[in-house]
Each structure stands twice: as structure tokens, then as C-alpha cells.
Amino acid sequence: MDVTVLGAGTMGHGIAQVSAMGGHDVTIRDIEQSFVDDGLAAIENNLEGGVARDKLTREEADATLDRIDGSVDLAEAVTGADLVIEAIPEQMDLKVDTVETVEENVSTDAIIASNTSSLSVTEIASAADRPERVIGLHFFNPVHIMALVEIVVAEQTGDETVAFAHEFVEGIEKVPVEVIDTPGFASSRLGVALGVEAIRMVEEGVASPRDIDTAMELGYNHPMGPLELTDVVGLDVRLEILEYLREELGERFKPPQELKRKVRAGNLGKKSGEGFYVWEDGEIVDEEGGR
């Protein structure tokens with residue numbers, strides 16, 4: 001199957017990697033060649049790490065890379081694709097415009113999927129002439145490690161599209177959960193609720209970020225605490241999701257001032273080097289970064 005991934009950032013290159021590892025021919029597209037090159041380099045780095053840890057063979061890594069091409073031309077990238085997955089910024093107007101352009105250049109039976117973590121897939125699908133072919137495929141970061149994919153069914157999504165999505169997700173060795181299109185879906189709504197309360201606890205001086213995270217990791221068996229996860233996801237991304245959920249679901253999702261302050265200062269978490277922790281080379285180096 002031919003898969004096109006729009007966006008070569010953290011989520012986009014991860015989706016491209018796992019799709020290629022699943023045996024699909026993949027094109028990864030972004031608006032600048034440097035972004036595409038960075039995405040391809042990140043995939044190669046992930047695969048090299050997998051080889052070093054004996055998670056896959058050299059032959060498997062090389063075969064995966066051979067299945068991936070890069071492009072900056074949107075029309076060229078999606079032409080002939082059986083599945084197009086957009087992993088572009090969480091802005092509704094961008095996603096709507098992208099769906100309209102994609103549909104002009106793909107076959108009538110192609111599936112268009114959105115990797116949105118919270119926006120309405122029903123609204124995204126409304127931009128399509130064939131909305132029954134549009135669905136949400138919400139992957140989790142880091143994509144090559146996290147097993148879950150949330151299949152988000154819009155009001156217009158057809159049964160054949162839902163069946164296709166399940167088959168694709170299972171075929172790339174991920175575990176699907178199916179949810180109806182509702183603000184925050186299941187995972188983002190619950191995950192953000194936990195994260196926002198942890199931020200309020202830091203704001204109130206209840207405990208340090210590390211102690212809050214340790215409590216959840218050891219007391220509730222979470223693989224990563226809510227504040228470290230916020231740093232990994234991106235504080236700006238969490239803020240956007242909270243603002244959207246507040247508008248849709250009410251004041252319980254009101255963003256804390258501590259989160260707004262950090263985003264305004266450019267402290268966006270792991271990707272900027274500081275959030276609730278200080279990061280260097282992808283690792284936490286200062287447990288008191290958020291104090």
C-alpha cells in the first residue's frame with residue numbers, strides 16, 4: 001500500500017517510520033526540504049537505535065529506509081496514495097485547507113486520516129467532497145514505541161473506512177481503540193485532565209515536579225509522570241488543547257497561569273530545552289527545572 005504522511009515533525013516522521021516498518025511504501029512531505037531532511041534523519045537515527053538495542057536487524061532497518069521517500073510538493077506526494085495521514089500543526093484552518101487540496105489530487109477511494117489529538121474530525125471531514133473517506137488516526141509520541149492508536153470516527157465516516165483503519169493499525173502492529181468524535185476524544189481528554197491538575201499542584205507549591213511524577217509512576221504504575229509527559233508532548237501543544245477543551249467543555253479545562261507563563265517565555269518542554277524540567281540531548285538533566 002502507498003502511504004503519504006504530511007508533516008515531517010515529531011509525529012509525522014514517527015508515523016512514516018512505523019508505516020514503512022509495516023511494509024508500506026511511504027512518502028513524507030513537508031513545506032521545506034530542510035524539514036523533510038530532518039524528518040528522514042530522525043527516522044534513520046531511530047532505526048539505528050533499534051539495531052543497537054537488537055530490536056531489529058540491520059536488514060530490516062535498511063529495508064525500512066528504502067521504502068521512504070521525501071517531498072515538498074503536496075500534489076506530487078499524495079498522487080497515487082491509498083492512505084494520506086496529515087500530521088500538520090493543530091490549527092483547524094490548516095487542516096481543512098489540506099484536506100481540500102489532498103482530495104483534489106487523490107483517487108476517489110483513497111482514505112484521508114487526521115492525526116489530530118483533539119480537534120473535531122467531523123469538522124475536518126466537512127471540508128471533503130467524500131467525507132465518508134475521512135477518519136482520525138491519533139498516534140502517540142514516540143510513535144515507534146507507543147502501541148496505541150486512537151481511531152476517531154467522525155459523524156460522516158463510512159463503515160468501510162472504519163474497517164480500513166482497523167486493518168491498517170493492526171497491520172503496523174499497533175493496538176487500535178475506537179472512539180466517536182468528541183472534544184479531546186478519550187485519551188487527550190483524560191490525559192490533559194491529569195496533566196492540568198499536576199500543573200496546578202506545582203503552581204500551588206504542593207510538591208516539586210519530580211515528586212509529583214514519581215508519585216504517579218510508583219503509586220499508579222504510570223510509565224511517565226504527567227509533568228514529564230507534558231514536557232515531552234510540548235507545553236504549547238497542551239495549552240492549545242486546554243484552550244479548545246475549555247471552549248467546548250467548560251471551565252474545568254481552564255489553563256493554569258503557570259502553563260501560560262512558561263509558554264510565553266518560550267519554555268515549551270523537551271523540544272526547547274526547558275519546561276517543567278531542564279533537558280539536554282533528549283534527557284532530563286535538572287529535576288528542579290520547573291521550580
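Which residues does the UniProt annotation "binding site" cover? In this predicted model, the annotation, taken from an unreviewed UniProt entry, comprises Gly-7, Ala-8, Gly-9, Thr-10, Met-11, Gly-12, Asp-30, Glu-90, Lys-95, Ser-117, Asn-141 and Lys-271. These positions span 265 residues of sequence and are also spread in space, with up to 22.9 Å between C-alpha atoms. The points below treat two of these residues, an annotated domain, a loop serine and a helix pair.

**Annotated positions in helix H1**

- Thr-10, one of the residues under the "binding site" annotation, lies in helix H1, which runs over residues 10-21.
- The relative accessibility of Thr-10 is 48%, so this residue counts as partly exposed.
- Gly-12, also listed under "binding site" in the UniProt entry, is likewise found in helix H1.
- Gly-12 counts as buried because its relative accessibility is 1%, under the 20% cut-off.

**Annotated domain**

- The unreviewed UniProt entry lists residues 3-181 as "domain: 3-hydroxyacyl-CoA dehydrogenase NAD binding".
- Over residues 3-181, the chain is 44% helix and 22% strand.

- Ser-120 is placed in the loop between strand E5 (111-114) and helix H6 (121-125).
- With a relative accessibility of 15%, Ser-120 counts as buried.
- The side chains of Ser-120 and Asp-181 are joined by a polar contact of 3.2 Å.
- Beyond residues up to four places away in sequence, Ser-120 touches Met-92, Asp-181 and Tyr-244.
- Asp-181, the partner in the polar contact, is the end residue of the range that UniProt lists for the domain, 3-181.

**Packing of helices H9 and H10**

- Helix H9 (residues 209-219) packs with helix H10 (residues 226-233) at an angle of about 105°, and their axes are 7 Å apart.
- H9 and H10 are therefore roughly perpendicular to each other, as angles of 65 to 115 degrees count as such.
- On the H9 side, the contact is made by Pro-209, Arg-210, Ile-212, Asp-213, Met-216 and Glu-217.
- Helix H10 contributes Pro-226, Leu-227 and Glu-228 to this contact.
- By class, five nonpolar and four charged residues take part in the contact of H9 with H10, and no polar residues do.

Conventions: Residues are numbered from 1 along each chain as its sequence is written. This is a predicted model: local features need pLDDT of at least 70, side-chain atom pairs count only at pLDDT 80 or more; totals for chains, interfaces and linings use all residues. Side-chain values use heavy atoms; hydrogens and water are left out. Axes are lines fitted to C-alpha atoms, for helices over the stretch in contact, and angles run from 0 to 180 degrees between N-to-C directions. Helices (H or I, at least four residues) and strands (E, at least two) are DSSP runs, numbered from the N terminus. Angles under 35 degrees count as roughly parallel, over 145 as roughly antiparallel, 65 to 115 as roughly perpendicular and the rest as oblique. Contact means heavy atoms within 4.5 Å. Ala, Val, Leu, Ile, Met, Phe, Trp, Tyr, Cys and Pro count as nonpolar, Asp, Glu, Lys and Arg as charged, and the others, Gly among them, as polar. UniProt positions are given in the numbering used here, feature names are shortened, and annotations may be inferred rather than shown by experiment. Buried means under 20% relative accessible area, exposed over 50%, partly exposed in between (1.4 Å probe, protein chains only). A polar contact is a pair of N or O atoms within 3.5 Å; within protein, one must be able to donate a hydrogen and the other to accept it, and residues adjacent in sequence count only if both atoms are side-chain atoms.
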